[in-house]
Amino acid sequence: MGTYLIRRFFLMLLTLFGISVLIFTLLRIVPGNIADIVFNAAGMIDVAEKAKLERELGLDQPIAVQYVQWINGLAHGDLGYSYVSEKPALQEIAPRIPITAKLAGLALLFAVSLGVPLGVLSAVKQNSALDYVLRVISLSGLSMPAFWLGLLILMGFVKFFGTIPIYTRPPEGFWNSLALFAIPAAAVGFRSSALIMRLTRSSMLEVLRQDYIRTARAKGATDANVNYHHALRNAVLPVVTVIGLEAAFLMGGLIVTETVFNIPGVARFLVEAIRWRDYPIVQNLVMFIAFVAVAINFLVDVLYASLDPRIKYS
Amino acid sequence: MAAKFIALAAVVLAATVSAAQSAEPKSGGVLHIYHRETPPSLSIHEEATFSVNVPAMPLYNNLVVYDQHKPQNSMGTIVRDLADSWSTGSDNLSITFKLHQGVKWHDGQPFTSKDVKCTFDLIQGKGQDKFRKNPRKDLFNNITEVTTNGDYEVTLHLKRPQPSLIAMIASGYTPMYSCHVPAAQMRTHPIGTGPFKFVEFKQNESIKLEKNPDYFKKGLPYLDGIEFTIITNRATAVLAFVAGKVDMTFPTEMTSALIKDVKSQDPTAVCEIAPINVSTNLIVNRESPPFDNIELRKAMALSLDRKSMIDIIFQGQGDIGGTLLPPPEGVWGLPPDQLKTVAGYGDVAKDREQARAIMTKLGYSADKPLKIKVATRNIATYRDPAAVLIDQLKTIYIDAELDPVESSQWFAKVARNDYQVGLNLTGNGIDDPDQAFYENYACGSERNYTHYCNKDLEALFDKQSVETDLAKRKQMVWDIDKKLQEDVARPILMHARSGLCWKPYVKNMTIMNNSAYNGYRYEDIWLDK
């Protein structure tokens, strides 16, 4: 296990290095830099003036030099300065991470706490009216875009309650915070919950047909014991993988949800930074997101071993 | 009967008292406005978008400013701001401003004539400190020197008489900056003399301003502060307004369709729509064959059906005009009777007939159309009219394809002449011929994207610019505008209108109707709640 962990750790480093090269190169392949954007915004086309700004921001240096400077800074905890706000990138990124973390955490909690039990229920009550209803709900969750669902929720709130659950200032206290984030979390988590529900259902159905389940029933085990002790534990393995993948995938949904609910988290900030070609923000944020995704995958692998005693890492 | 009369009288009296009370400005409260995006900075001089002017204008003062409650900006609506008075020298080659005494910057430093000199030095690039971007430097080329006479008098010396200079100084784009605050700081933590002080600017989140208790205009501002919540998604922003999360929408953001939607959900909302002095125009690369042929360019101008374009894009809320915004809102634009005489502004069917004849003469037909690309910025406000334009060009045997250009590359592409035909939007900070002509049509001007150059006409630009008789100048401006349209310098497709909504308790709100850049001081806005 120890050797495996060390190997995985080095693989993680290699993956992050690959991502850093990729994001750095891609950002510079995309047409235009911050100088182009700010000059275009002002309708200015003076090449000399633009070159001056590029020099000021160090964008005139060879890409390799810029890359080494960035990695060197990153290794020393210096993330550089945002081109737009002219503040340290860390100061811009750090306060936004907890906001997105809360939203993502709640969304995942919503997805799992809804998806797994309903998936089990759907499998256990296969082909019943309840199963059909749950399958329709899960299908609608998969086919409904998060932005559309978000807007529907906002319109419903304005129409029926005369208020709108969007972020306009930082919430005070736990309950206010929960109230503010719960609705967008449900909007973004609905799709994941649908996916988890469907996967749990099919995985459970497969396990419920296994011989050892029949044996357990023959030995007089109760339905609850068979379903939740024997079947679910085995059925949940692929579900854990998908939950891990969904946690990383949530970022895409969060970009839309943060925009619709006006939440100033990292996902929306990342899009804005890309629009401005604010390289220090984009590079560091992508690296952070990549780190989180890689770490989650790593945790899922470790969790596998504890859930399934047959799995041995060496 | 008597009891009924007394009751009625009491109701009338109560209503009168209530009306009188509501007419009396109240101090206090924070005005909440949504902002459509994170502005690039808060340094007005360095930017060219009202995304900056709206939140930043309350931070500053000008020497003189357009009256904030007269919708139409004109020479007659310029009022004092930091200058108590101003006078033009007998030779019209200088303007002297007497400054208000006792004005302080937000950091407590006194405002003096040196700050005025520093501001113009910065704009003209003469000082030690420099702007990162200086988009309106050319507007002040006529100033040769700025001299001070003591702490409270300053004189601008000019190369030639220029009545319009005062109009440029009155624009929301020309606030005074201090000598002691670096230009770089003004982008992120501005220090002004205005009615509100800067508190905080969080990217993608909010901009907060608080009341300046030492504001030199006694009793103002009425508000305790202004808070801009950045809501980039327009649907969310409009719903936030309807739900009362904000008191006002972002200026210019409301289309007539959105206003209808808002009014259906909140009938008490006050909404107004007005021209914003932004024209949609056709740019043709006159150096690239076959567009170097004036006949072809003329045919293109003759193909335009401006009314249908306005109906499609703005649901009828737009104006047909020449280079300058048409009357009644526009001060200098060609009046309808004169506009009708310009080629391409008459009967669309006849004009297109004429255009097809030209195209046939040039060897094109329905079977053998001219294939071109219409380049434009890949954002809806550009793309949508470009699509309509493509449809209209088809009527004269031009088979055009849309070439959407990544926004950051648009002006660079135009500057490289790397386009055949394009569609562009031009915003005017002030309704003034000097700004419009020199900026967009003068030979060698940075924003003269089509490289139109007519030395004879440029001489007329100068002639109108020095003319002090308003009526004479107006006639000269009309003649120039007609000539620009006839030369197909940059055919104007339409002038946009857009709107603003606010809650009925927001008082003293006035929308400027010939500029979208000058009406955001907000010093006497108050909340009746």
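**View 1. Helices H8(A) and H6(B) are roughly parallel to each other, because angles under 35 degrees count as roughly parallel.** Helices here are DSSP runs (H or I) of at least four residues, numbered from the N terminus. H8(A) packs against H6(B), which covers residues 234-242 of chain B, at an angle of about 10 degrees and with the axes 10 Å apart. Each axis is a line fitted to C-alpha atoms over the stretch in contact, and angles run from 0 to 180 degrees between N-to-C directions. On the H8(A) side you will find A:Leu151, A:Leu154, A:Met155 and A:Val158, and they meet B:Ala235, B:Thr236, B:Leu239 and B:Val242 of H6(B). Contact means that the C-beta atoms of two residues, placed from the backbone, lie within 7 Å. By class, seven of these residues are nonpolar, one is polar and none is charged. Nonpolar covers Ala, Val, Leu, Ile, Met, Phe, Trp, Tyr, Cys and Pro; charged covers Asp, Glu, Lys and Arg; the others, Gly among them, are polar.

A word on the model: it is predicted, with local features needing pLDDT of at least 70 and side-chain atom pairs counting only at pLDDT 80 or more, while totals for chains, interfaces and linings use all residues. Residues are numbered from 1 along each chain as its sequence is written, and chains are lettered from A and ligands numbered from 1 in the order in which they are written.

**View 2. Chain A meets chain B with 34 residues from each chain.** The elements of chain A that give two or more residues to this side are helices H2 (34-41), H8 (146-161), H11 (223-260) and H12 (266-276). H2(A) provides the largest share, six residues. The side of chain A that touches chain B has 19 nonpolar, nine polar and six charged residues.

**View 3. A:Met197 sits in helix H9 (residues 174-208) of chain A.** A:Met197 counts as buried because it has 29 C-beta neighbours inside 10 Å, where buried requires 20 or more other C-beta atoms within 10 Å. Beyond residues up to four places away in sequence, A:Met197 touches A:Gly115, A:Leu118, A:Gly119, A:Ser122, A:Leu134 and A:Ser138. Take a look at A:Gly115: its C-alpha atom is separated by 4.1 Å from that of A:Met197, though the two residues are 82 apart along the chain.

**View 4. B:Phe241 is among the residues with the most contacts inside the largest nonpolar core, which has 222 residues.** Such a core is a set of buried Ala, Val, Leu, Ile, Met, Phe, Trp, Tyr and Cys residues joined through C-beta atoms within 7 Å. Leaving aside neighbours within four places in sequence, B:Phe241 is in contact with B:Tyr34, B:Val246, B:Thr249, B:Val262 and B:Cys501.

Conventions: A residue is buried if 20 or more other C-beta atoms lie within 10 Å of its own, exposed if 12 or fewer, and partly exposed in between; C-beta atoms are placed from the backbone. Angles under 35 degrees count as roughly parallel, over 145 as roughly antiparallel, 65 to 115 as roughly perpendicular and the rest as oblique.
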